[in-house]
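Here are my notes on this entry. Please keep the sequence and the 3D view open while you read.

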Protein chains: 2
Amino acid sequence: MRAARVVPIHPVSRAEPPARRAPRCSACAMRALCMPAELSADELTRLDAIICATRSVKRGDALYRAGDAFHSIYAVRAGSFKTVVMHREGREHVTGFQIAGEALGLDGVGTCQHNCDAIALEDSVVCIIPFAQLEAVCRELKPMQHHIYQMMSSEIVRESSQMMLLGTMTAEQRVATFLLNLSRRFKARGFSAAEFHLRMTREEIGCYLGMKLETVSRMFSKFQRERLVAANGKTIRILDHEGLARV
Amino acid sequence: MRAARVVPIHPVSRAEPPARRAPRCSACAMRALCMPAELSADELTRLDAIICATRSVKRGDALYRAGDAFHSIYAVRAGSFKTVVMHREGREHVTGFQIAGEALGLDGVGTCQHNCDAIALEDSVVCIIPFAQLEAVCRELKPMQHHIYQMMSSEIVRESSQMMLLGTMTAEQRVATFLLNLSRRFKARGFSAAEFHLRMTREEIGCYLGMKLETVSRMFSKFQRERLVAANGKTIRILDHEGLARV
DNA sequence: CGAAGGATTGACATTTGTCAACACCGGTGG
DNA sequence: CCACCGGTGTTGACAAATGTCAATCCTTCG
């Protein structure tokens, strides 16, 4: 791994580990989400061997910050996060929200430094996956190698869609797309697709969708008037899935 | 590689190869751009062995289209491309422009299908890098493995910046950022940082930056009035780099 | 040389942001 | 228990940025 050439913006030494011994991947309910499906029992054991710790992150705390040295990627085990990129003088943009079963930290591979802040939206737990060891395993297990490529490629595709959203959709369409996207992801993880709890504020949603919090609020109100969703603060119920998709 | 489950939107069978035998990577002037720097002569030979073809693409033609089966990634050898993602009913967004020395096609790894159209902006030539063989090499050559991860991660970071641009900047700032970004990339490839030729139309720039072509045109005019750039059609000369950065 | 696409500019419309007032909600301390 | 507080959310009036439409000019390419 090459040494990073960039001067860290933030102090890099953060006492990493409020870390604990992890339960085995082989016993993890979310395995299907963060591992390739076709791993043999033997191969799974190899993975268990490198994912040896979890870490708890309190609401509002950072899992990592831009400029931190990159050593590991993370799988969200419980809770949720936002990733935030900063610019000089406080320009700030939320690039994504991650819920249980989703990956964090792939942006750091290129420069050996994390490129954004990952902030917990609620008290959360992540699995720590040391990247150097993962690379080593990938050189031996083809399905695992392919899975990492897939994860990274999927992130590229996800970001393409988000660029399309930011570049071509109206505020109304963005909010509708956001709600449907969350719904789909909750459903994929066994939660209700119709009713869920937003862990993020209107401001964070706005910052993700490229609009002001007031605009987000207005769109929620509009959808309520049109009987597309019922929103009660952070609790959202989708009443008309097709209607939302048609917006 | 898993079979793709998605129904292709476009006909998938395109006669791939107006392909020709490639000159050796080891003799390529752009090697530093698309290969890890620290490859030994021996390792380079391994690469030469898999990159065995180039392909010419005429202006306006597609290198690949969304839905095409994914087999290879590409390095732009000469010319330039745009990548375009589509949505139902003609919503269209340019996700990036690629010039000589840059990579194309990494979005296809995840689903085994390309996820966007790659269209040549001028008559161009690419090196074809069969991905399955590249994966195999990466399992043996650690620097090569790491280089692929770096390329994909860099693409993720690039897209994050683009999301920030689309989500938080004014039209004026976006156009300024776009010009500076192009300038930096041309410079990195040995061309003039101050004067260059835009291969894309105002409409394509607008589609990339999330605004209408008229707005792009107005911003160019504004920069000219302010003596930040001199634009003559598609020829751009940057007069005040710092001024542009301050916008 | 002429047609067609691309670029520029102006007038006007629409969307979204800004600012301000106020309601709501959960938690804390009297 | 209640009052109060800060953070969050909602709504309205108005302002600013950007889009839309149309006229015109310029370039390129067959």
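1. Start with a term. A residue is near a molecule or strand if one of its heavy atoms lies within 4 Å of it. With that cut-off, 17 residues surround DNA strand D. The closest are A:Arg202, A:Ser217, A:Ser221, B:Thr215 and B:Arg218. Of the atoms of DNA strand D that come within 4 Å of the protein, sugar and phosphate account for 64%.

2. Some ground rules. This is a predicted model, in which local features need pLDDT of at least 70, side-chain atom pairs count only at pLDDT 80 or more, and totals for chains, interfaces and linings use all residues. Residues are numbered from 1 along each chain as its sequence is written, chains are lettered from A and ligands numbered from 1 in the order in which they are written, and side-chain values use heavy atoms, with hydrogens and water left out.

3. For B:Arg218, a side-chain N or O atom is 2.8 Å from a base oxygen. B:Lys212 uses a backbone N or O atom instead, 3.2 Å from a phosphate oxygen of DNA strand D.

4. Now the elements. Helices (H or I, at least four residues) and strands (E, at least two) are DSSP runs, numbered from the N terminus. H7 of chain A and helix H7 (213-225) of chain B each give two or more residues to the surface near DNA strand D. The largest share, 5 residues, comes from H7(A).

5. UniProt, in an unreviewed entry, places the feature "domain: HTH crp-type" at residues 169-242 of chain A. Such annotations may be inferred rather than shown by experiment; positions follow the numbering used here, and feature names are shortened. The span is 55% helix and 15% strand, and its end C-alpha atoms lie 18 Å apart.

6. Look at helix H6 (residues 202-209) of chain A. Its buried residues (under 20% relative accessible area, 1.4 Å probe, protein chains only) are A:Glu204, A:Ile205, A:Gly206, A:Tyr208 and A:Leu209. Their cover includes strand E6 (92-99) and helix H5 (171-188) of chain A. After H6(A) comes A:Gly210, with a positive phi near 70 degrees.

Technical notes: Buried means under 20% relative accessible area, exposed over 50%, partly exposed in between (1.4 Å probe, protein chains only). Contact means heavy atoms within 4.5 Å. A polar contact is a pair of N or O atoms within 3.5 Å; within protein, one must be able to donate a hydrogen and the other to accept it, and residues adjacent in sequence count only if both atoms are side-chain atoms.
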